[in-house]
Amino acid sequence: MGEKARKRRAATAAALLTAAVTASLTAGCTGARGPVDDSRGQAQTPQRSHSPSPSPAESGGGAVLAVKIDNVRAARPQTGLDSADIVYAEQVEGGLSRLMAIYATKLPKAVGPVRSARESDLELLRQFERPTLAFSGAQGKLLPLINKAPLDGQTPEKVADAYYRGTDKPAPHNLYVRPNKLLPSAPGADALTTGFHHGAAPVGGRPEKSRTVRYPSARFTFTWSGGRDRWLVSMDGTPAVTTDGQRMAPATVVVQHVKVRESAFHDFLGNNTPYTETVGSGKAEVLRDGRSYDVNWKRASAADGTEFTTADGAPVNFAEGQVWVVFLKD
């Protein structure tokens, strides 16, 4: 995290604390009576809340936009992923995967398909300063925790004109969000208070042509393209492209080894929802420039970004461009 970001965090700490307390006392539209996710991403709305929604300007203004994105086969190809600054991949119920895309330097016209939030998303998002989270619902008992978290949760029930149903896929895999309805403009790179560093590659490493990460029911493969200076993404054995035909191709890929435990929540079938722990420390592999580097990661608290360092403690630089972080169970 840069000095500018640290000063800004210190200057706004009191305001964030006040906002969090206020949110817990004035639960908004995604509260206990808001949309309930059936764990298939289909929001159910027993009763619409009458609490006022913040305007886009109030929701944005320097905060990143985070969008929970569906990643089962029926949801592909996705929309707007190539514009994200960071893409996080996590394991969810049934050994499947789900993505969370972070937007700071560019807002595409649409992003999706949008799906439901998970408990571990709240910990992951604490590193950003009051981010806007676009999601389609959550497990009923999780919704009060989302309301209390220092973020602006924006659902279709809360900001109806920001979302629409597409005709290219069946529900629930056809819900999309218009980012410009949630943020007045892209907040810029300074909003990415993640601890990432960009610059020259570390010394050493080993040549790497391809790296595959496997979940019980999903897999990601990153194949180096020297012609594009990017890692070409494949998911479940199929090249990953967006709806406009753009191949997903991050400049840096991080395979972060983490603890994955049971959460306090279950899906509609009774399956426990995995909780990915992103606070702590461990090992990681950083892929850039056709090479792989074994590094250490550390995140002291939820409010901190994640630091990646070499064995001698030097910061590890990422290549300029999109970063994918794939969480892999230790």
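Buried here means under 20% relative accessible area, exposed over 50%, and partly exposed in between, with a 1.4 Å probe and protein chains only. This is a predicted model, where local features need pLDDT of at least 70 and side-chain atom pairs count only at pLDDT 80 or more, while totals for chains, interfaces and linings use all residues. Residues are numbered from 1 along each chain as its sequence is written, and side-chain values use heavy atoms, with hydrogens and water left out.

On to salt bridges. The structure holds eleven, each a side-chain nitrogen of Lys or Arg within 4 Å of a carboxyl oxygen of Asp or Glu. One of them joins Arg211 and Glu285, with the closest N and O atoms 2.7 Å apart. That pair links distant parts of the chain, Arg211 in strand S12 and Glu285 in strand S18 (residues 280–288), 74 residues apart. Strands are DSSP runs of E, at least two residues, numbered from the N terminus. Arg211 is buried at 17%, and Glu285 is buried at 10%.

Another salt bridge joins Glu277 and Arg261 (2.9 Å, N to O). Glu277 lies in strand S17 (residues 272–277) and Arg261 in strand S16 (residues 252–266), so the pair ties together parts 16 residues apart in sequence. Glu277 is partly exposed at 24%, as is Arg261 at 38%.

Asp168 and Lys169 also meet through their side chains in a salt bridge (2.9 Å, N to O). Here Asp168 is partly exposed at 49%, whereas Lys169 is buried at 9%.

Finally, Lys68, Glu90 and Asp121 are linked in a network of salt bridges.

Technical notes
Helices (H or I, at least four residues) and strands (E, at least two) are DSSP runs, numbered from the N terminus.
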